[in-house]
2 protein chains.
Amino acid sequence: MAIGPVSQSNGASALPLVRQLSNDHDHVLKTFRLLISDLCQQFGGGHPGGAIGMAAIGIALWRYVMRYAPHSPDYFNRDRFVLSNGHTCLFQYTFLHLTGYKAMTFEQLKSYHSDRVDALCPGHPEIEHEGIEVTTGPLGQGVANAVGLAMATKNLAAKFNRPGYEVVSNHTWCMVGDACLQEGVGLEAISFAGHLKLNNLTVIYDNNQITCDGSVDLTNTEDINAKMRACGWNVIDVEDGCYDVEGIVQALEKARAAQDKPTFINVRTVIGLDSKVEGMAAAHGAAFGAPDVAEMKKKHGFNPDEHFVISDVTRKFFQDLPARGESLLQQWNELVEQYSAKYPELGAEFQQRMRGELPPNWKDLIPSSFPEKPTASRASSGLVFNPIAKAIESFMVGTADLSPSVNMIWPGKVDFQHPDLRTTCNINGNYAGRYIHFGVREHAMCAISNGLAAFAPNTFIPITSSFFMFYLYAAPAVRMGALQHLQVIHAATHDSIGMGEDGPTHQPIELAALYRAMPNLLYIRPGDSEETAGAWIAALEAKKTSTIISTSRHALPQLKQTRRDGVAQGAYVLEEADHAAVTLIGVGAELSFALDVAQQLKETKGVVARVISFPCQRLFEQQSLEYKRGVLRRHQGIPAVVIEPYAPNGWERYADAGISIRRFGHSLPGKAAYKFFGYETRVMTAKVGDYLDRLERGEAQRGEFVDL
Amino acid sequence: MAIGPVSQSNGASALPLVRQLSNDHDHVLKTFRLLISDLCQQFGGGHPGGAIGMAAIGIALWRYVMRYAPHSPDYFNRDRFVLSNGHTCLFQYTFLHLTGYKAMTFEQLKSYHSDRVDALCPGHPEIEHEGIEVTTGPLGQGVANAVGLAMATKNLAAKFNRPGYEVVSNHTWCMVGDACLQEGVGLEAISFAGHLKLNNLTVIYDNNQITCDGSVDLTNTEDINAKMRACGWNVIDVEDGCYDVEGIVQALEKARAAQDKPTFINVRTVIGLDSKVEGMAAAHGAAFGAPDVAEMKKKHGFNPDEHFVISDVTRKFFQDLPARGESLLQQWNELVEQYSAKYPELGAEFQQRMRGELPPNWKDLIPSSFPEKPTASRASSGLVFNPIAKAIESFMVGTADLSPSVNMIWPGKVDFQHPDLRTTCNINGNYAGRYIHFGVREHAMCAISNGLAAFAPNTFIPITSSFFMFYLYAAPAVRMGALQHLQVIHAATHDSIGMGEDGPTHQPIELAALYRAMPNLLYIRPGDSEETAGAWIAALEAKKTSTIISTSRHALPQLKQTRRDGVAQGAYVLEEADHAAVTLIGVGAELSFALDVAQQLKETKGVVARVISFPCQRLFEQQSLEYKRGVLRRHQGIPAVVIEPYAPNGWERYADAGISIRRFGHSLPGKAAYKFFGYETRVMTAKVGDYLDRLERGEAQRGEFVDL
């Protein structure tokens, strides 16, 4: 493949090479398909059918069209490949092996479905492993990830490329099956990608018309090509996706050359081709059985007694790809070198972004103090973060259509949009913009943000924003971000019943229980502006962890005792007392309630209460036992009561009783909602007092959590 | 309106009446719009813009086209109306008032955004209130609910209607805004409704091209009409949706007459019409301000000093609707009477379904015992429930494309499909079928099931099925079912890491924490077939509660100590011991682990352990303190250890320590995954023994939960 010395985006066509090597295609396709059959047969499980059906697509991609470097898998300007139908992972693993990725040895390839603990072939692709761009499996996520990857390219290109120096020019390729086109998150992302005119994105549809339940026409009879066109995509059909490598290469090259739209390539394939269950749902998720595999080998002129055969012809077919990749990388390195010489400042910034570094002084951008007047913590979030977002271009800040509510707009922000866009509300787009109007698409917002974050470690730090309750819509994507160790920060506002009139559909009673349990995710509820600063610092320092910063719609008193560095410890003492009868745990928007109750307990009952602020359970769990005991002091026999208008689940670890909510919310103005649920100082004080009395009388016991 | 004596589906056109009353339209429209402005202005909040823009649509619907009975709001064959853009609830509340719904008094109407605790005008429509079919608010849900409502009609009609006796013939109307057409759940439902050719469903698009962030072209520039056509819908345009009542009525009547497709009516409207912010995002979610409201009144010739004015002309315009409704109801009652006379058995069954009753002997259909061989609890689910599903037609059983995995197919099941469908896998459809292939659309599956359940109380009991992990995709809809007190049962399989090779994307470490915290939802993990029977009985008896029955992929030993009636109590003692040193809590797929550890503790360390089975926390919480203490015996100083390969969050209420997982899973075969995470009898026994030693030495304390 001829690669131009300057631009990497205008390589010559691979078609002459396709024709030159075409005599080998039949053999390589058969080898690949039999190998997949053997890999599933060895442990009697796995997903052979899709991988077999997609063989020719794989050859077109890895042998001819994709630009990547097997021996330098992190080559920055590589094409990104996303396997949204992740259960067909053997497809990808096998091509990684054949094209020369070093980690994917033959032994490793054969670890699929084994009990090898360090296998590189898990049941779905995982980002931790060489050559895998994103973890996929939950269907539809990959489509949205691919949109994010393509957006990352567009943004970097708009920011850094200069005439003759296209330092970022890669293409994103996404394989999907029938299912990804049914899932809502995929449909949201498709609509959004069409709007953004991402011509550097190609979705390749493995159209085998089979899902687990049978033929797709059981559940879906839409005209997918017309639907994609309506969403603003180019559509290319490939009729013979099983054998027509040249036709697929032509389609892929046409897609890469697309001027103003993403491209959808509708490739007709046959699931489980040449097996007894070819074209049937049975080919999807089970090995074919030894007799059928043997039969397939005989039919193709292979020895049925030999397994895992990769012929010399096949090895040779792929053998120059590592060298091609290194050459690609070397040309790019030279390009970046020349670029950095000509544009030294940009070059330095580009290197910094590639290293995933923030400017060292980023923390100085956060105000050292805040207005004393009551402030909604969603507003505090803006005070804390918007100066950072404005100054540091690693941040892409998005919202699911709640710009007026979430306060994440910085002065002079520019929208990420296709440069030709002229909206009726007079916004002009620019791919260099970093504010993303995702539309009312919470799930795609978070899944696309995972794609932005996955482009390269910390090159982008995506921020999403919406009401906290709607992070239930986005939960599968938030989970995938945490699972992949991606630094994605979710600015969730309108938490707690204090959000008011919108009522029970919008009041997140039980949602925190999910996010407090979710591994590798920080769920932080700051209590005022100072703690909001702490929350953002914790989120920004967690380079391999996702964070939800959960803030209030309504104004909160600014407390003199709060400390931003306390947030980093998850919980800390706000008011200490030597001989306390009770510890009150305050959280987030209701933190001041704990202080109020403590004061009233003292005034009306002479009961001494100590107060702790507890913004983040996971950060607290990371502290030493000594620190934790020092904060909670439950080992000294002091009972703890948590005050939070959420389901109490999980607080039982830290408290003996809770003023919590175990039903859905109620539509009332915020203050009235607090009153309705008993969050008045007088009522809460009485409850705590009663609880202490019951403890004393032996009617309640520590260790038996009590809902007050 | 002339209503035929036999069929209620072929009413004469309302157009003559429209023309007769058309002189009043302008006045009524203005009155309505000013009333909305006043209702938002009184408490300085709410969502006026959309309701104002949709005024003419409302007149077309409630005055002319919809068939309903304001004084008999539960009239069974009424048209169903769903406000998917639920924030515009004043639109619906005001028409409920004007058309004569008794509960919606003028005083109640004015309670919108007040602090009145018993208000019928919450911030979003709530199913508990007269005239509201489903609770909406989270966007896109209503579209899917409407699909479910239309499916309910189709199923009942196919089952019960006879020539000349169309006892079920209602139409479902669904209002959507721009947002509902962006949300994934809406897009999934739209695609599925087109597939099902639901010609009794009309979606009316309030096309004002405005969302919170500004004009829709900021985020969405697709060709929505082309997209809907590609999905198999009729499309009708109405160019002047603000004033052209007649045009809207024509479109609605055309939609009702549609032969073989659902209909999408694209109505161009103007948000906040006639206000200073007309056509702008600012009209969406804030009152206009008193000066602007006064200005609007002046412009329309109303007195700016008068508020909440409903003129006599307006009252009169709607006044005959209650009588029309009662007449409709009476004709229908007569029809049903004649029908029951001619078809007594069907008639009796129809009455039983309308009363939401199951046949009294339903519990007898559950096997009294089960095979002793190890059985996956997903298979147990089928053994327990499929005989019921086969026999009782209240059950509609769906799956998100996991029929081969979830075991919910009964012998002779018929698919719910359009009768003309002939699939390539040779399935013939029938609207009387009760097995639903939802496609890979978990979210829509659950939201559509809410619609089925909302058709009338317990007339349908929908069952959904998928892998447990994918109930995270569906969580917003599961929540809406629980919030609405709908009896929907979710058969969730492949729970726990025991599901194996599919890996961390499919292993639900933290998901149970959400569902255990979610109000009005039973999350039940049965331990064997006997407990699976108990789980289904609990779910079926919970007439106003949603349930998730969470089962294993892999075979579980069948235990002699388990009891189906124990499940109803949430937890119960499996093995008692007077002088126990520890209580082991076993759960679901890992219940037998607790028994194994107890035995090994005794054999290797002489430690006496008692064992309890704990399938459902919420059911346990409903028991008396005495019962709970009797089961747990923690108040007697016996420490409890829970064994479950989930995040421990929430178990701290019942246990002092847990063998839990606080990271994501790992792709390994099921047994290897258990081993990898330390769920081997030997390892667990050692952990429990160590913990008891640490307790004895004072290194651990009860009340400080320990992760073993």
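A crossing of two helices is left-handed if the near helix is turned anticlockwise from the far one by less than a right angle, and right-handed if clockwise. The structure examined here is a predicted model, in which local features need pLDDT of at least 70, side-chain atom pairs count only at pLDDT 80 or more, and totals for chains, interfaces and linings use all residues. Residues are numbered from 1 along each chain as its sequence is written, chains are lettered from A and ligands numbered from 1 in the order in which they are written, and side-chain values use heavy atoms, with hydrogens and water left out.

Two packed helices are described by the angle between their axes and the distance between the axes. Axes are lines fitted to C-alpha atoms, for helices over the stretch in contact, and angles run from 0 to 180 degrees between N-to-C directions. Helices (H or I, at least four residues) and strands (E, at least two) are DSSP runs, numbered from the N terminus.

In chain B, helix H1 (residues 15-42) packs with helix H10 (residues 290-299). Their axes come within 10 Å and cross at roughly 165 degrees. H1(B) is therefore roughly antiparallel to H10(B). Angles under 35 degrees count as roughly parallel, over 145 as roughly antiparallel, 65 to 115 as roughly perpendicular and the rest as oblique. The crossing of H1(B) and H10(B) is left-handed. From H1(B), Leu34(B), Ser37(B), Asp38(B) and Gln41(B) are in contact (heavy atoms within 4.5 Å) with Ala290(B), Val293(B), Met296(B) and Lys297(B) of H10(B). These residues of H1(B) and H10(B) divide into 4 nonpolar, 2 polar and 2 charged. Here Ala, Val, Leu, Ile, Met, Phe, Trp, Tyr, Cys and Pro count as nonpolar, Asp, Glu, Lys and Arg as charged, and the others, Gly among them, as polar.

Also in chain B, helix H3 (residues 55-65) packs against helix H9 (residues 245-256). The angle is about 60 degrees, and the axes are 9 Å apart. H3(B) and H9(B) are therefore oblique to each other. Their crossing is right-handed. The contact of H3(B) with H9(B) has 11 nonpolar, no polar and 2 charged residues.

In chain A, the axes of helix H4 (residues 55-65) and helix H10 (residues 245-256) come within 9 Å and cross at roughly 60 degrees. H4(A) is therefore oblique to H10(A). H4(A) passes H10(A) in a right-handed crossing.

The two chains also meet. Their contact takes 116 residues from chain A and 115 residues from chain B. Chain A and chain B bury about 9100 Å² between them, 56% of it on carbon and sulfur atoms. Buried area is the accessible area (1.4 Å probe) that two parts lose on being put together, summed over both. Tyr473(A), Arg479(A) and Arg653(A) supply 9% of the area that chain A buries against chain B, more than any other three residues.

Side chains of opposite charge can pair when their charged atoms come close. In a salt bridge, a side-chain nitrogen of Lys or Arg is within 4 Å of a carboxyl oxygen of Asp or Glu. The whole structure has 74 salt bridges over all chains. Between chain A and chain B the count is 10. Arg629(B) and Glu704(A) form a salt bridge through their side chains (2.7 Å, N to O).
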